[in-house]
Amino acid sequence: MITPEMLDEPQKITWCTGCGNFGILASLKKAVIELNKPIHNLVLTSGIGCSSKIPHYIGGVNSIHTLHGRPIPVATGIHLANTDLEVFVHTGDGDCLAEGLGHFVHAARRNVNMAVFIHNNGVNGLTKGQFSPAAPRGYISKTSPPPPGAPMDPVSPTAQAITTGATFVARSFSGDQKGLVKLMVQAINHKGFAVIDILQPCVTWNRQLTWKFYNEHTYSLEDNGHDVTNKLQALEKAMENGDKYPVGVFYNVERPDLASGIALPEKGALKDHKTDLKDVQKIIDDLIL
Ligand SMILES: Cc1ncc(C[n+]2csc(CCOP(=O)(O)OP(=O)(O)O)c2C)c(N)n1
Ligand code: SF4
Ligand SMILES: [Mg+2]
């Protein structure tokens with residue numbers, strides 16, 4: 001059993017007071033406890049950004065703070081090396097939808113068994129508030145001054161995930177911890193590529209997509225009779241561009257994942273392969289020379 005104390009981490013948290021990342025961290029800790037899996041089998045990767053500092057703030061779980069845009073390929077490698085592990089990724093909207101977008105799309109296409117949690121605050125928070133690929137058209141920032149503000153439509157992580165092959169796609173809000181914990185547990189337990197687009201206020205740089213805004217501009221898919229197995233309906237909801245953002249599960253289906261389908265047909269995960277250490281030494285020697 002995992003206890004809250006096991007997840008404590010003495011690192012000083014450097015997020016701004018009031019940042020939406022706090023709600024995501026608290027939800028992640030609750031989800032990890034609720035998952036009730038051996039803690040040594042949990043692996044977290046992150047990219048670069050305020051959001052991607054999360055591995056430093058949760059104890060007990062194996063974690064790697066990787067490179068900008070690269071937490072998904074690192075997670076894919078870990079998963080294929082040892083399919084017993086539960087792998088999940090924390091990434092920012094800049095990290096995942098700008099430099100990391102190619103990895104995101106292809107991991108969805110391959111239905112790699114992992115959960116991806118996107119901290120979507122509409123900005124590159126760590127680098128001081130430039131508009132991110134998820135910022136709505138017209139969003140005003142230092143790099144998108146008026147007129148016209150951000151001059152193009154955003155990348156929709158939910159629509160991208162659904163069209164490219166993800167098998168669990170949801171949206172949540174960092175202010176709704178109860179809802180987020182439930183979705184995180186579902187996403188990690190899902191066998192295949194699972195994505196949660198988490199609406200996350202950045203109190204320092206984003207004065208438009210605020211706590212108040214999201215509290216007033218979200219509605220529940222569950223309460224509106226949405227069919228999570230209908231791809232076209234899911235896509236329609238993901239692309240909805242009205243006054244309110246739908247939250248909850250958009251899409252949830254089963255399809256063979258990468259490890260069971262294509263990459264490891266007979267030999268199982270890499271950890272089960274017999275490796276001659278002399279061959280490994282030769283590779284190291286070649287790299288050193
Ligand atoms: C290869 C590389 N390119 C660019 C950067 C600069 N950089 C650091 S964080 C960041 C964007 C972070 O935005 P996001 O992923 O949305 O995270 P947030 O800070 O908003 O949580 C960028 C462009 C970098 N560190 N490395
Ligand atoms: S800059 Fe924004 S995203 Fe980064 S810690 Fe501060 S409030 Fe959070
Ligand atoms: Mg961001």
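In this predicted model, helix 5 (residues 157-164) packs against helix 8 (residues 231-238) at an angle of about 160°, their axes lying 8 Å apart. Axes are lines fitted to C-alpha atoms, for helices over the stretch in contact, and angles run from 0 to 180 degrees between N-to-C directions. Helix 5 is therefore roughly antiparallel to helix 8, a term used for angles over 145 degrees. The contact involves T158, A159, I162 and T163 of helix 5 together with K231, A234, L235 and A238 of helix 8; residues are in contact if their C-beta atoms, placed from the backbone, lie within 7 Å.

Eight strands form an open sheet of mixed pairing, in the order 2-1-3-4-8-7-10-9. Two strands pair if DSSP finds at least two bridges between them. Helices (H or I, at least four residues) and strands (E, at least two) are DSSP runs, numbered from the N terminus. Strand 2 (62-65) and strand 9 (218-220) each have a single partner strand, so one side of each is left without a neighbour in the sheet. Strand 1 (residues 42-46) runs parallel to strand 3 (residues 86-92), joined by five bridges.

| Helix | Strands touched or crossed, among them | Angle |
|---|---|---|
| Helix 8 | strand 10 | about 155° with strand 10 |

Residues are numbered from 1 along each chain as its sequence is written, while chains are lettered from A and ligands numbered from 1 in the order in which they are written. Local features need pLDDT of at least 70 and side-chain atom pairs count only at pLDDT 80 or more, whereas totals for chains, interfaces and linings use all residues.

Definitions and conventions:
Parallel < 35°, antiparallel > 145°, perpendicular 65-115°, else oblique. Contact = placed C-beta atoms within 7 Å.
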